[in-house]
Amino acid sequence: MTGLLIGFFAPWAVFAGIFALHLVLPARRVAGYVRDGKRGKRLRYRLNGPLVFIVTLGAWFAAGWSGVMPWDWLWQHRWPGAAGAMTLGLLVSAAVVLTAPGAGGNLLRDLYLGRRVNPQPFGGRADAKMFLYLAGAVLLELNLLSFAAHHVLTHPDAPSPGVALHVALFTWFVCDYLVFERVHLYTYDLFAERLGFKLVWGCLAWYPYFYAVGLWSVADLPDPHAPAWLLVASATLFFAGWTLSRGANLQKFHFKRDPERAFLALRPRALGDGERRLLVSGFWGLSRHVNYLGEILMAVGLALALGRPGMLGPWLYPLYYLALLVPRERDDDRRCAAKYGPLWEQYRAAVPWRIVPRVY
Ligand code: NDP
């Protein structure tokens with residue numbers, strides 16, 4: 001019983017630690033893309049994701065090496081841990097929504113999608129959304145390391161190279177997010193979403209536990225002896241996806257900050273209506289959301305790296321991306337059509353593909 005309780009509250013303690021680190025460690029201060037609703041000034045952010053990540057991982061390694069905590073402690077407590085994270089996610093979502101004034105709309109809708117747009121507590125020292133993404137990313141990494149440690153401890157003589165590859169690629173994914181944390185300030189979640197169950201529970205529970213579903217499914221199993229070509233193909237697919245996703249996001253980030261600046265030595269081409277401009281070259285000329293294709297390819301690469309293409313568990317992760325990103329593209333398309341009007345029509349005509357060039 002005590003073990004269950006400790007496991008249940010472990011993610012609460014990890015999140016509290018990450019929050020404390022986020023508040024006290026040095027951070028760069030940057031202006032974001034979102035504007036303050038009252039004064040119209042760009043919101044400012046303190047970003048220190050990479051530092052928080054390094055210190056937390058350092059603490060995890062120290063605990064493992066010193067024997068204070070078994071390397072696979074989070075694996076051993078994964079079920080109560082996931083339950084604890086889900087409960088915390090529910091409580092925080094309810095608290096964040098119910099303490100904000102409602103506009104008299106549907107309460108369930110408010111609980112799911114939220115009421116507050118961009119809360120920045122502690123006098124702006126933390127941004128709620130950026131902290132939630134940081135917390136989810138760091139706990140995801142700890143889970144992946146712990147699940148992989150369990151695999152190695154269970155099969156010390158013949159661990160699966162695919163497990164190592166999966167963790168290495170996922171670590172790249174997490175570090176990439178943290179290194180480019182600032183670019184995330186220009187994404188949909190930050191400027192279009194509110195803080196409700198979807199975002200809060202998504203970051204505190206879904207992100208750190210569900211994203212590890214592939215490893216969760218195979219960590220107990222022996223090496224499947226996947227052929228080397230499958231591992232090479234997985235890594236190639238992953239990095240092809242990463243190039244599309246990171247390339248598109250960076251290109252848009254630089255364009256929003258300086259529309260004339262060349263990206264990867266290419267000058268941007270844009271459609272304009274005298275007031276607003278839309279990129280129509282580079283990644284944004286391939287399809288209107290080639291970054292989503294990139295995310296899906298990365299997810300497929302991660303699933304295949306585990307070397308069990310016939311098993312359902314690892315595929316749940318790419319399937320989830322399909323379910324998330326296909327409707328999200330439709331939402332964003334509607335939002336952009338309303339925002340840009342005829343300019344968006346021109347962009348649709350110039351770049352007819354939604355996600356997959358020449359296919360969809
Ligand atoms: P985008 O980065 O594609 O942002 C869409 C917005 O960009 C539009 O609303 C519009 O906003 C602007 N825009 C669209 N087309 C153009 C254009 N041609 N030129 C200039 N601006 C344009 O989508 P998201 O914010 O949804 O995704 C950001 C990243 O996060 C993606 O790589 C996505 O795959 C990733 N992601 C990752 C998830 C994960 O769990 N790993 C989950 C969801 C997303 P405006 O005009 O207001 O600037």
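The structure is a predicted model. The chain has a mean pLDDT of 94, and 100% of its residues reach 70 or more. Within the chain, confidence is highest in helix H14 (residues 290-305), with a mean of 98, and lowest in helix H9 (residues 188-192), where the mean is 83. Where pLDDT is low, predicted coordinates should not be read in detail.

Helix H2 spans residues 49-66 and helix H6 spans residues 128-154. The axes of H2 and H6 lie 10 Å apart and form an angle of about 30°. Their crossing is right-handed. On the side of H2, the contact is made by Gly49, Val52, Phe53, Thr56, Leu57 and Trp60. H6 contributes Leu134, Val138, Glu141, Leu142, Leu145 and Ser146. Sorted by class, the residues of this contact are eight nonpolar, three polar and one charged.

The ligand has 28 residues around it, of which Tyr33, Tyr188, Tyr211, Tyr292 and Tyr340 come nearest. For Tyr33, a polar side-chain atom is found 2.5 Å from an oxygen atom of the ligand. The side chain of Lys256 has an N or O atom 2.8 Å from a ligand oxygen atom. In the side chain of Arg335, an N or O atom lies 3.0 Å from an oxygen atom of the ligand.

Methods
Residues numbered from 1 in each chain as written. Predicted model: local features only at pLDDT ≥ 70, side-chain atom pairs only at ≥ 80, totals over all residues. Heavy atoms only, no water. Axes fitted to C-alpha atoms, helices over the stretch in contact; angles between N-to-C directions. Helix = DSSP H or I, 4+ residues; strand = E, 2+ residues; numbered from the N terminus. Left-handed = near helix turned anticlockwise from the far one by under 90°. Contact = heavy atoms within 4.5 Å. Nonpolar A, V, L, I, M, F, W, Y, C, P; charged D, E, K, R; others polar. pLDDT = per-residue confidence, 0-100. Near = heavy atom within 4 Å. Polar contact = N/O pair within 3.5 Å; in protein donor to acceptor, adjacent residues only side chain to side chain.
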